[in-house]
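User: I have a model open and want to go through its packing. Please take me through the helices and the sheet.

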Amino acid sequence: MQEIRDNARKLMEPQCRVCPICNGKVCAGQVPGMGGLGSGSSFGNNIDALAKYKFNMRLIHGVTDPDTSVNILGKQLALPVLAAPIGGISFNMGGKVSEEDYANAIINGCKAKSIIGCTGDGVPAFIHQAGFDAIRNAGGHGIPFIKPWEDDELYEKLARARDTGTDIMGMDIDAAGLITLRKMGRPVSPKPLEKLTEIVKSSGIKFIIKGIMTPDDAQLAVNSGADAIVVSNHGGRVLDHAPGSADVLEDIADTVKGKITILADGGVRSGGDVLKLLALGADAVMIGRPFSIAAIGGLQEGVEKYIDTIATELQQTMVLTGSPSAGSVDKDILFSS
């Protein structure tokens, strides 16, 4: 992994320095790029929110080979991990790896390790097309995400996402604040419940709504008929001064757990971070920037090695907290002073 990270650093500068600790401080305000919007506080809040939680170390138990697998939306995953949807490689990640090579590395690397990769959307059109092609070529093994476009573009992309052969798609409604797209004549917008319900129904397959940060919105997502939500502030890239995902996850889970599948992302840097979000109520976790570094630095091999790293860290943390199964993590593994 160190070789992969060193190579990624060469390829991603100046957009990303592949810092020893990816906390958004050096790249604050660098959007496009890999940073957080404005002050970068929302990016940093993701990191800080997770760091607040500590583990109760327990070793008088019989957990030696914990089960890291989970069933998410009818998919059996070897780990409770998905690669988050990310696009725009040419202007966010140095441009030395093509959108096509990046999407293929994510989708095929995740498939090889029995988890799921997601693909992103944006402008120009080759961003979403590279993702769609990668999923189609992988036999539909992947989740395409589209942005909350308006009408004609929205429904066209819903149809094209479905045509990849996937049986799950998503919408990152947290992209509704991307004013740059509106200025380019490609507006994205928030969706009222009636419209969102129509979108979910017209998708014809399982549907994920990404960008939920309050219990109220989580309940509305349930009401829309969606199959899953992602608790996410879009990596801190759309709204400055938003709380970290881990700060709001527990309240959201208290409201909709059991009614809808709960995914969460934001600041995940280790297998331990994955376990923390599971303990706070997530059914599985999305990881963004670390997957990007692995894909840029080593393509599919890099993605696979990164997944192996996360798996080892997760297993170790589960043993040291006495957690037998990723599908039923007890909140008591978290220390409370």
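Analyst: Start with a definition: angles under 35 degrees count as roughly parallel, over 145 as roughly antiparallel, 65 to 115 as roughly perpendicular and the rest as oblique. Angles run from 0 to 180 degrees between N-to-C directions, along axes fitted to C-alpha atoms, for helices over the stretch in contact. Helices (H or I, at least four residues) and strands (E, at least two) are DSSP runs, numbered from the N terminus. This is a predicted model: local features need pLDDT of at least 70, side-chain atom pairs count only at pLDDT 80 or more, and totals for chains, interfaces and linings use all residues. Residues are numbered from 1 along each chain as its sequence is written, and side-chain values use heavy atoms, leaving out hydrogens and water.

User: Are H1 and H12 roughly parallel or roughly antiparallel to each other?

Analyst: Helix H1 covers residues 2-12 and helix H12 covers 289-321. Their axes lie 7 Å apart, at an angle of about 150°. H1 and H12 are therefore roughly antiparallel.

User: How many nonpolar, polar and charged residues does the contact of H1 with H12 have?

Analyst: Contact means heavy atoms within 4.5 Å. H1 residues in it include Ile4, Leu11 and Met12, and H12 residues include Ile293, Gly297 and Lys305. Ala, Val, Leu, Ile, Met, Phe, Trp, Tyr, Cys and Pro count as nonpolar, Asp, Glu, Lys and Arg as charged, and the others, Gly among them, as polar. The contact has seven nonpolar, four polar and two charged residues.

User: Which residue in S9 is the bridge partner of Ile212?

Analyst: S8 (residues 206-212) and S9 (residues 228-231) pair in the parallel sense over four bridges. Ile208 stands opposite Ala228 in S9. The partner of Ile212 is Val231.

User: Are Ala228, Ile229, Val230 and Val231 of S9 buried or exposed?

Analyst: Buried means under 20% relative accessible area, exposed over 50%, partly exposed in between (1.4 Å probe, protein chains only). Ala228 and Val230 are on one side of S9, and Ile229 and Val231 are on the other. Both faces are covered, and all four residues are buried.

Conventions: Pairing = 2+ DSSP bridges.
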